[in-house]
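Please look through the sequence and the structure shown here before reading on.

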Amino acid sequence: MIPSLSLEITVLLLGILMLLVESFSRSDDKRGLAKMAIGILSALVGFSFFVDPASGNAFYAVDATAHFFKVLALLTTIVVLIMALEYSSVLAKYLPGVTPGAGLGEFYSLPVFTCAGLMFMASAVDFLLIFVSLELVTISFYILVAYMRRHTASLEAGVKYLILGALSTGFLVYGITWIFGLTGETNLAAIQHALATKAVATTPLLFGLMLLLTGLGFKVAAVPFQLWVPDVYQGAPTPITAFLSVGSKAAGFVVLLRVLQPFLGVPGVGVKVLAVLALMAALTMLYGNLAALPQDNFKRLLAYSSIGHAGYLLVAVASVSDTKATFGSAGVAVGFYLAGYLLMTLLSFLVLIVVARHSRGDDILHFNGLAKRSPFLAFALLTAMLSLAGVPFTAGFIGKFLVFAAAVQAGKFWLVAIGILTVAAGFYYYLRIVAAMYWHEPGDTTPITIAPLTRTAIGALTFAVFVFGIFPQPILRQLKDPAPLPATPVHTAAR
Amino acid sequence: MLSLIIFIPLLAALGILLGAPARKTALGAAAAEFLLTLFTFLSYDKAKAGFQFLSSTPIAPEWNLNYLVGVDGLSVLMLLLTGIVTLAAIWVTPKIEKREPLYYACLLFITAGAAGAFASVDLFFLYAFHELALIPTFLLIGIWGSGERHTAAWKITIYLGLGSFILLIGLLDLYLAVPEALRTFNLIDLQKLATSGAIPAAAQTRPYIFLLIGFGILISLFPFHTWAPAAYASAPTPAAMLHAGVLKKFGLYGLMRVALPLLPEGAKHWANLLLILLVGNIIYVGFATIAQKKLDLLLGYSSVMHMGYIFLGVAAMNTIGLSGAALLMFAHGLSIAALFAMAGMLRENRPQLALDSFGGLAKPMPALAFAFGLAAFASIGLPGFANFASEMTVFFGAYKPAAGLDASHFHLAVIFALWGVVISAVYMLRAYRAIFMGEPSKEAAAWPDPFKALRWPVVLLLAVLLIAGFAPGKFLSLVQPTFDAVLPK
């Protein structure tokens, strides 16, 4: 049994070590560094199963949800590093440097810091820790998004992300101060206790919560806070786009779930917050899925699709109810959906990076005839697209199943009706990729070579999409515990 | 053994994708599939009724979700249909010029999906298996189709995707309509709950309408039918046979297996709506069929139209109507598959299949003319074929519907449906005359008879049709206990 915090500390030390090696090493080829990081992070996934469940404190929860999201963060980072290795040749072109490959070490070490932030966030149950870890994630993303310094699109993306990210941080902090001012607490369990025992004015509380939702809305790319997404996703280096769309989203949702919990039981507040969330969910589903329809660039299409998926996740969050849900709480639906989303999105981006490198472009027409050029890649991308569209026997289907089960159970049929429309739209734009790969003739017939590490990752992700689509049990068992606040007497008193 | 029926085509498809000889493997798998379904059909013990050959594997214990397969009289009949049509469809497949392995793999995936859906006794898998066929259809029509193939492929895929999602919502709503402690996906348990009244009548109307629209889109219920004719016309012959012959029956099967027995009050509540829509299928689509100028579209529309009769049997909610509908599903599956197979043979000469581009083919192709005539007669519903026996049964059933339904509305619907028989005679005979009667053009007189090389698959389909037509009692008595057990007394 090891203390839980040691995982995050190891990740941080790894990041610092990588930076030091980058600074002092004479070698230009830093790929070994990334491979080392992949190895260490993989080992940490294993170690995470042996943490001491009693090693938490008032700031830092050690529970099944935290563990689940930590594993998600680690796995995402591992795949992102594999992508970064695959992408390094593209990256090198846009970096100023005397020798090719110089300056790539930082590109491998910054995702490790992001990972540490994501892991802290999974355990954070105090607004202070939530804020600090969210900033660790966001600030490392500011650098990563603008990393290709000689690429105008990347710089544009960096500026947009920086300005809007900073703005959303402001909203978040302001919201936290309002809630602190009303309850005198930053700890979530203590806030719950305060709300249950003290009379708190609901209007300022709602104001604070709306500010919080605004800040988190930016992070998870929910409408109307989604405007930065398409440009940033398209301009950022592709591995970072993948990291943003998975890591940033997962972080936003785990925080959203934890933060909402103390407020849902408050009369006159919980219902209103859920109504706002439902409205956001509806708009996000509609915007993401309908705007994805006319896209011709695959990366941009994935950006809109990522907005659409945020909408489905919000449906689950908005369907939280006091009665016990049959398939587990909204936390289970969100957790499973995120796990499936991680697999299929990372898979799409991995294939995209390989194909874009060979076809010199990431438009949909660059995927024409992929089934002939590389049946392996085409099948992997087919799997990802089916899962994103929500076809049975894929992880994406089980996610949608859980989300809409929650919505049906909560009686939110207007959300379900919008969901039906957007899922049909999703079928169109995801299958456009399939049509390009299988219907059309390739414009360029050179066979595609894939590095062994990438090939393994693609194979493993494809396999996992199917396995968790048929046997969801392993993930469900991890999620059994529906994100409770730390079991203090405060918590029980609040109920 | 039922798992074998599901997994043989699946494994064969994977084998073909990994490099096994495509046609040989596919044909072997189809033959095995046929023999296994036939064996299941013959060894099903009629005296015991109920579900047999049950086998279960837990998937998610927390949700009470199991991979549970089994067959009763209704599903064993549908499985047999799957086996026969699969064998015929793969057998008639012409030489494929491009990407043969993918082609056969797609066909086998469709078979696996249909077989899985019919053999599942678990709502979740019943739903999931059906969707296995969605993407293969998309690829088959989009890559190897004819005419407006891309439009047709998009239309069918988005329609069916939408339909299945509405269906999923309906199934979830049905699942949640059961009191919390008793919730299950297991159809046998659900049936027991429904029979004992655990699903309150007030909670039945909403899930039923979701299921009706969801299944309805899959069955091409008027006005959700527009995907079907275009898709069948553009699809390569075996795909059209499998889809129109087998897969479309899944929706009807779902209504008979899930919607009707579990939500009888909901069904009664929406019975009049269903009657209006099914008359739309028979009359509106019937007239649309008469107007068709191309054989493939004509067959596509006719298959949509015939769904109306099956809906009529379902709507009646009594054993006679439902048994007739079940037999009609079987008969229609065989006859439409035979017709599409023969239309595919004609496509070799005239890819457009325009009716006025043929004429007098009875002379160069006597065997095809004879077989096509038989299949057309079957499709119209002439005595001697299973279609006649089952349509009659449906009409009898619908004339005196179950208690709680408005008989006068049904009388009207039956009268419309009888006119439908006339309509089908009009378009089928007109098509037959245009293709086979008269003098052949000089070019056509020299065409070889394609039937000789490919006769056995069609003979198989027609033979089963005749057997079931002369001894419908054997088949009806198989499905009757199923409906007797589930219909409210």
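In this predicted model, 26 residues of chain B are in contact with 24 residues of chain A, contact being counted when the C-beta atoms of two residues, placed from the backbone, lie within 7 Å. On chain B, the side that touches chain A draws at least two residues from each of β1 (52-60), α5 (123-131), α6 (134-144) and α7 (149-177), where helices (H or I, at least four residues) and strands (E, at least two) are DSSP runs numbered from the N terminus. The largest share, 10 residues, is supplied by α7(B). By class, this side of chain B holds 18 nonpolar, 3 polar and 5 charged residues; Ala, Val, Leu, Ile, Met, Phe, Trp, Tyr, Cys and Pro count as nonpolar, Asp, Glu, Lys and Arg as charged, and the others, Gly among them, as polar.

Residues are numbered from 1 along each chain as its sequence is written, while chains are lettered from A and ligands numbered from 1 in the order in which they are written. Since the model is predicted, local features need pLDDT of at least 70 and side-chain atom pairs count only at pLDDT 80 or more, whereas totals for chains, interfaces and linings use all residues. For chain B the mean pLDDT (the predictor's confidence in each residue, from 0 to 100) is 90, and 100% of its residues reach 70 or more.

Within chain B, the axes of α5(B) and α7(B) come within 11 Å and cross at roughly 175°, the axes being lines fitted to C-alpha atoms, for helices over the stretch in contact, with angles from 0 to 180 degrees between N-to-C directions. This makes α5(B) roughly antiparallel to α7(B), a term for angles over 145 degrees. Here L123(B), Y127(B), H130(B) and E131(B) of α5(B) meet S164(B), L167(B), L168(B), L171(B) and Y175(B) of α7(B).

A second pair is α11 (residues 237-247) and α16 (residues 319-347) of chain B, whose axes come within 8 Å and cross at roughly 165°, so α11(B) and α16(B) are also roughly antiparallel to each other. Their contact comprises 8 nonpolar, 4 polar and no charged residues.

Finally, F385(B) sits in the loop between α17 (366-380) and α18 (386-399) of chain B. Because F385(B) has 26 C-beta neighbours inside 10 Å, it counts as buried, for which 20 or more are needed. Leaving aside neighbours within four places in sequence, F385(B) is in contact with A331(B), F377(B), A378(B), L465(B), L466(B) and G469(B).

How values were computed:
Angles under 35 degrees count as roughly parallel, over 145 as roughly antiparallel, 65 to 115 as roughly perpendicular and the rest as oblique. A residue is buried if 20 or more other C-beta atoms lie within 10 Å of its own, exposed if 12 or fewer, and partly exposed in between; C-beta atoms are placed from the backbone.
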